[in-house]
Amino acid sequence: MIRDHIADLVTSAVDLAIADGLLPDIPFPEPDIERPKETEHGDYATSLPLRFARSAGKKPMEIAEIIVNTFAEDPIIFAPEVSNPGFLNFRLTTTWLQEQVEVISEKGENWADLNLGQGSKIQIEFVSANPTGPLHVGNGRGAAIGDTLAAVLTAAGYDVSREYYINDAGSQSAAFVETLYARYQQILGRDVALPENGYPGEYMIEIAQKMVENHGEGYLAELGMPPDVQFGEHGTSLMVEYIRNTLSAFGVQYDTWFSESTLYEEGVWDEVKGILGGSNQLIERENALWFTSSELGEDKDNVVIRSDGRPTYYASDIAYHFEKFAKRNFSRVIDVWGADHHGHVERLKIATNAVVGHECDLQVLLYQLVTLKRGDEIVRLSKRSGEIITLDELIEEVGSDAARFFFLLRSPNAQMEFDLELAVKKSNENPVYYIQYAHARMASILERAREDGRELLKGDVNLLQQAHELALIRQMLRLPEVIEQVAKTSEPHHLARYAIDFATAFHIFNDAFKQLGDPSMKVLTDDPELTAARLKLVSTARSVLARCLQLLGMSAPERM
RNA sequence: GCCCCCGUAGCUCAACCGGAUAGAGCGACGGACUUCUAAUCCGUAGGUUGCAGGUUCGAGUCCUGCCGGGGGUACCA
């Protein structure tokens, strides 16, 4: 990557200056290469002279001058310019920029891919909402973040596995089954009440109806008696099916749907209990079994087996993460959770390390909750209250692309407000169309060129010299850096922001002829050589934007 | 009480490891269609980055204290 290249050049220059006795022979700061905000400050910059000034005992500007003088000649970047109060600004050579069009066009769609992960196995678990009701808008945020993060990490060279954890063993699941059975009986004419802590939502009637359609009265037990366990299993799998369909409509496909129940059926929990018991980390108190997490720095111990003998979700989660690291050997695991689970993070990490026996690379990515508004009215997100805004409804109203982009545009740790009225009413103002329109315009130009019988990839890139052409090339070159940034920070919103910047660069490029009133600025002109060069640029830019949209999980329309 | 996230333009949000004149979109105002689709472009206005200190060459970013919003602090998940 260019940044590393520049850092190397700076390091060499400083080394040379030290060897020549121009700078003192002491350790110097890392030459951090950043992207300046102001274009006047070049393509890249470093503040190394400022940070080196104190220990070197010289003025920043003086150090900057010395580095410029010892800077090696390079085909990619010009010698740096010194700028007050002590920055070094770097500019890419035009020749190299032009060549990149050739390079990108040859490497194709995966041009920006990296090898940061070196093929290591990484799992991303996201959404994992209880199968007790339809996904709501908040789950959509987790879905968009998790899925795009997975896509970017794949592009960054990791062997990524997407996973959904089905909580089908806990008390919420039991409440779901009880409610479903009550609805089932009601449909079949029995006068029974819904359970107190059940799920009153309308969707339960639909699922119960489906159970009747599929199985008739087959699951009806004696009045007052619970149904066969298969009733619950079938009901839950129907619910999971709904969830799977919603996510599929949202563009999310999982590699694994992992059932919590199997942790008990296949003895994983027993194994975990054995390990923790063997190291005296479990204690019986008040008829319950506790994990002595306070011994490991937690505020308190936590119950793993309730006094009635049922395991808590904490027990499940320990077993589950033991399974991820010790059984399936993921070298790294990322759990994407809503911020309301924050209190669970530390104790899960502690327990996982304790049971696996070494420090595990477990990262929990928290995203802040989505507040729903309808005008001025705040809508509470809760499956229990019955009234929820489902992800299905959101997709229906604004479309999958717009919904995804809306979520991806925000940093995970920013709370976001979602005004449903606005989302519907102003859907055409969603920036998603701005980006997709850029792609459609490129496709349209290329289509027209093909109709004219022009070659798209034969042009001479050295003819690309206009400021707006070079600006577009510069934007393309950012993609690998953005992929690296997202992979390192687990913050997909940088990619969404980049997509907007890229679209802007293209729109400016595309409208330059109108702005300047000069038809020779168009892509398709009377000059066949220039046209060929620009077509190659547009063709390359289109593939870069398409890749970007693909990583964001959005479509890249040919026309709009 | 304690722990975590947030507070930036009228609104929704950015700002890469502490960098240069804090940026976009929407909204407001004023321009550009004889088009390669104007779902676009160009321009103007809009800020004491919640408040008060501190650290340093430099703070929206780090530290301390307050104020405000959200979440957590269960034998719910």
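Buried means under 20% relative accessible area, exposed means over 50%, and partly exposed is in between (1.4 Å probe, protein chains only). This is a predicted model, where local features need pLDDT of at least 70 and side-chain atom pairs count only at pLDDT 80 or more, while totals for chains, interfaces and linings use all residues. Residues are numbered from 1 along each chain as its sequence is written, and side-chain values use heavy atoms, with hydrogens and water left out.

Q: How many residues apart are Glu469 and Arg534?
A: Helices (H or I, at least four residues) and strands (E, at least two) are DSSP runs, numbered from the N terminus. Glu469 sits in helix α17 and Arg534 in helix α20 (residues 528-552), so the pair links distant parts of the chain, 65 residues apart.

Q: How many disulfides does the search of the whole structure find?
A: Think of a disulfide as a covalent bond between the sulfur atoms of two cysteines. The test is a pair of cysteine sulfur atoms within 2.5 Å. Searching the whole structure gives a count of zero.

Q: At what angle do helix α13 and helix α14 pack?
A: Axes are lines fitted to C-alpha atoms, for helices over the stretch in contact, and angles run from 0 to 180 degrees between N-to-C directions. For α13 (residues 391-398) and α14 (residues 400-408), the axes are 7 Å apart and the angle is about 115 degrees.

Q: Is Ser490, with its positive phi, buried or exposed?
A: Most residues other than glycine have a negative phi. Ser490 isn't a glycine, yet its phi is about 55 degrees. Ser490 lies in the loop between α18 (479-489) and α19 (493-516). With 2% relative accessibility, Ser490 is buried.

Technical notes: Chains lettered and ligands numbered in written order.
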